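Please open the model in your viewer and keep the selection panel at hand. The stops below say what to select next and what is to be found there.

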Amino acid sequence: MASLRDIRQKISGVSTTQQITSAMKMMSTARLGRAIEAINLTHAYITKFEHMVQDLKRELPYFKHPCMVARPVKCSCIVVIGGERGLCGGFNHDINRFAQSVIEEHTAPEKKIVVIGRKAIRYFEQRGFELFATFPDLTVKTLDNELFAVSRQLFELYNDEKVDEIHLVYTSFASAVARYLTSLRLLPIDISTMPPKPQPKAALPFDFYPSPLEIFSQLMPRYLRNLLYRSIVESSAAEQSARMAAMTSATDRAEEIIDELKLDLNRSRQALITREIAEVIAGSQ
Amino acid sequence: MKKTFSVSIALPGKHLQTFEARQIMLPSKNGYVGFMAGRQPLLATMEPGLISIIDVEDHHLLFGTTGGFAEMLDNQASLLCDSLIEVKDLDLSDSSVPTGKIYVKDTSNMSEKQKRDYVRQLMLNHLRKRSAAGRAGIKTTE
């Protein structure tokens, strides 16, 4: 049986770990709250964007922009949004495995893989994937500065016909306990998948300043940027919710271990007392 | 016919701002475009410049934007801005910003920071001119 000192040391060690996991749980809860707020705010903005695209399409049904027309796929670009850090249960493992399966299932002769997030970059580098571009520091905090450059790069790749389609793989956030692995096509865009907009009351034709083509050419990089923004924010929220769940179970498990160790400690202490009493009685007889 | 219309200003990751307005003026590609209630549907791009709104109480609201899109449909104007500079974000006593006329610049090759600085300068100039002319101040948003 372990000595009382050993057990006390173990209790102290587990208790310290419990404090850390409990603090991490609180931090991820706060970050999750902020991420959920950002998702809600972005949702309103993207919905307005989608309404604009739909109005443009309804007004000019025969209007075709390169971003709307599917072309034969010679090169496919897959953007993977992975995790930033560890200690979040199966979050990183799930998204990395899913992204790998999506990449392997693509039948395009050439693939360009763009990875966002340190954990995902390390995963794909370790498995020998050739990465076209990596963005390890593109976190929710640095989004404003870098995201426009990233989305412009992606749009130019598509516009210059260096890639024929762009797919996005990320973890979408449904609630604090539900997240889904999602793969969607960013470009060419499919207007039929957008949430429908009610028909406008006005029957008058639209005025366009400048031409519809120019409006659409300016609209698309921004739409791409906002979809990327939403996906990164959702992925971050899903990571925080996974971390919160992992830290909750770690804290609970630490509590159980401490209870078990305390039981052991009491048992050992009682055994020691009993032995000492027995020795005293034996000595007195 | 209703003489006012609703204006909503949306920014990525920010709260939606909504006003009831009489008139609005936006920086479009071919210069400033103004419109009132009951306008024919419109879809326009916005260039870096000033957004000027006259609300139902005849207060003047001023914003700066580095670009975006504007849509007017069914007496509702939706402005999707890349970024928004408000009067309360400006330091009116900032002497580093030169006064005088700002000639129209080609903003297409400007970085986001340069666009912001340009718009900030436009706003400060506009506010100084208003102040010098003794006109009423700009209403700031909460």
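Begin by selecting N92(A), N96(A), R97(A), A99(A), Q100(A) and I103(A) in helix 2 of chain A, which meet K119(A), A120(A), Y123(A) and F124(A) in helix 3 of chain A, where contact means heavy atoms within 4.5 Å. The residues of this contact of helix 2 with helix 3 of chain A divide into 5 nonpolar, 3 polar and 2 charged; here Ala, Val, Leu, Ile, Met, Phe, Trp, Tyr, Cys and Pro count as nonpolar, Asp, Glu, Lys and Arg as charged, and the others, Gly among them, as polar. This is a predicted model, in which local features need pLDDT of at least 70 and side-chain atom pairs count only at pLDDT 80 or more, while totals for chains, interfaces and linings use all residues. Residues are numbered from 1 along each chain as its sequence is written, chains are lettered from A and ligands numbered from 1 in the order in which they are written, and side-chain values use heavy atoms, with hydrogens and water left out.

Now show both helices whole: helix 2 (residues 91-105) and helix 3 (residues 118-126) of chain A pack at an angle of about 50°, with their axes 10 Å apart. Helix 2 of chain A is therefore oblique to helix 3 of chain A, the term for angles that are neither under 35 degrees (roughly parallel), nor over 145 (roughly antiparallel), nor 65 to 115 (roughly perpendicular). Angles run from 0 to 180 degrees between N-to-C directions, and axes are lines fitted to C-alpha atoms, for helices over the stretch in contact. Helices (H or I, at least four residues) and strands (E, at least two) are DSSP runs, numbered from the N terminus.

Next, select helix 1 (residues 4-59) of chain A together with helix 5 of chain A; they pack at an angle of about 160°, with their axes 5 Å apart. That angle makes helix 1 of chain A roughly antiparallel to helix 5 of chain A. The residues of their contact divide into 33 nonpolar, 14 polar and 13 charged.

A cis peptide bond joins L187(A) and P188(A), with omega about -5°, and P188(A) lies in the loop between strand 5 (178-187) and strand 6 (207-209) of chain A. Another cis peptide bond joins Y209(A) and P210(A), with omega about -10°; P210(A) belongs to the loop between strand 6 and helix 5 of chain A. Select also L87(A), in the loop between strand 1 (75-81) and helix 2 of chain A, which has a positive phi of about 55° although it is not a glycine.
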